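Take a walk through this fold, starting with its surface and ending with the parts to treat with care.

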Amino acid sequence: MSIKRFVQFLGVVLVSAFVLAGCGGGGSASATPTVGVDGEQLKFDPATLTAPANQQVTVTFKNSSSSNQHDWVLVKGGDDVAGQVDEAASANGGTVDTSTENVVAATQVLDAGASGTAQFQLPAGTYTYLCTVPGHYAAGMKGTLTVQ
């Protein structure tokens, strides 16, 4: 290998290393996580998020569905609390009461293609997020947020 080729090769390797380092680790907590919808399925994408503890976090929810309305609601707890919040929203005409102690943060119900944000600050722990549009949570539209 000529010196010129070696230098070119070394340059490519170094640039690649810097690009990969800039991408960060896949499991690192983000103060600005983004979540969407898995096509027309009643599933969040991704179904797991991480966020830093005791810091202001802004989640961007992108309703990438072409036909369904969705929301993103974060609750203090697991499936038991998520079920209670979902039932309360259904009883309230599909509206989430964000003033209850079980709701940490929520977006509005978003039309297909729309985006919204939700802000919160939490201690370390595991929390559940769900869609409260009638029937969506029961179909499995939920996810897990790990705050670390």
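Buried means under 20% relative accessible area, exposed over 50%, and partly exposed in between, with a 1.4 Å probe and protein chains only. By that cut-off, 34% of the 148 residues of the protein are buried. This is a predicted model, in which local features need pLDDT of at least 70, side-chain atom pairs count only at pLDDT 80 or more, and totals for chains, interfaces and linings use all residues. Residues are numbered from 1 along each chain as its sequence is written, and side-chain values use heavy atoms, with hydrogens and water left out.

The accessible surface comes to about 8200 Å² (Shrake-Rupley method, 1.4 Å probe). Carbon and sulfur atoms hold 54% of that surface.

Next, the elements. Helices (H or I, at least four residues) and strands (E, at least two) are DSSP runs, numbered from the N terminus. The protein has 2 helices and 9 strands. Along the sequence they follow α-β-β-β-β-β-α-β-β-β-β.

Five of the strands build an open sheet: 5 strands in the order E3-E9-E8-E5-E6, with mixed pairing. Two strands pair if DSSP finds at least two bridges between them. E3 and strand E6 (103-106) stand at the edges with a single partner strand each, so one side of each has no neighbour in the sheet. Neighbouring strands of this sheet are turned by 25 degrees against each other on average, direction ignored (axes are lines fitted to C-alpha atoms). Within the sheet, E8 and E9 pair in the antiparallel sense over 6 bridges. Tyrosine 129 stands opposite glycine 143 in E9.

Now the interior. A nonpolar core is a set of buried Ala, Val, Leu, Ile, Met, Phe, Trp, Tyr and Cys residues joined through side-chain atoms within 4.5 Å. The largest such core has 23 residues, and Val35, Phe44, Trp72, Leu74, Phe120, Tyr129 and Leu145 touch the most other members. Among the elements that give it two or more residues are strand E1 (34-37), strand E4 (57-62) and strand E9 (142-147). E4 gives the most to this core, with 3 residues. Apart from it lies another core of 10 residues, including Val73, Ala82, Val103 and Leu130.

Contact means heavy atoms within 4.5 Å. Of the contacts with a separation of 6 or more, 70% join residues 24 or more positions apart. Leucine 145, leaving aside neighbours within four places in sequence, is in contact with residues including Leu49, Leu74, Phe120 and Tyr129.

Finally, confidence. pLDDT is the predictor's confidence in each residue, from 0 to 100. The mean is 85, and 81% of residues reach 70 or more. Over residues 6-27, pLDDT stays under 50, and the model has 3 contacts beyond four places in sequence for them. Where pLDDT is low, the predicted coordinates should not be read in detail.

Notes
Axes fitted to C-alpha atoms, helices over the stretch in contact; angles between N-to-C directions.
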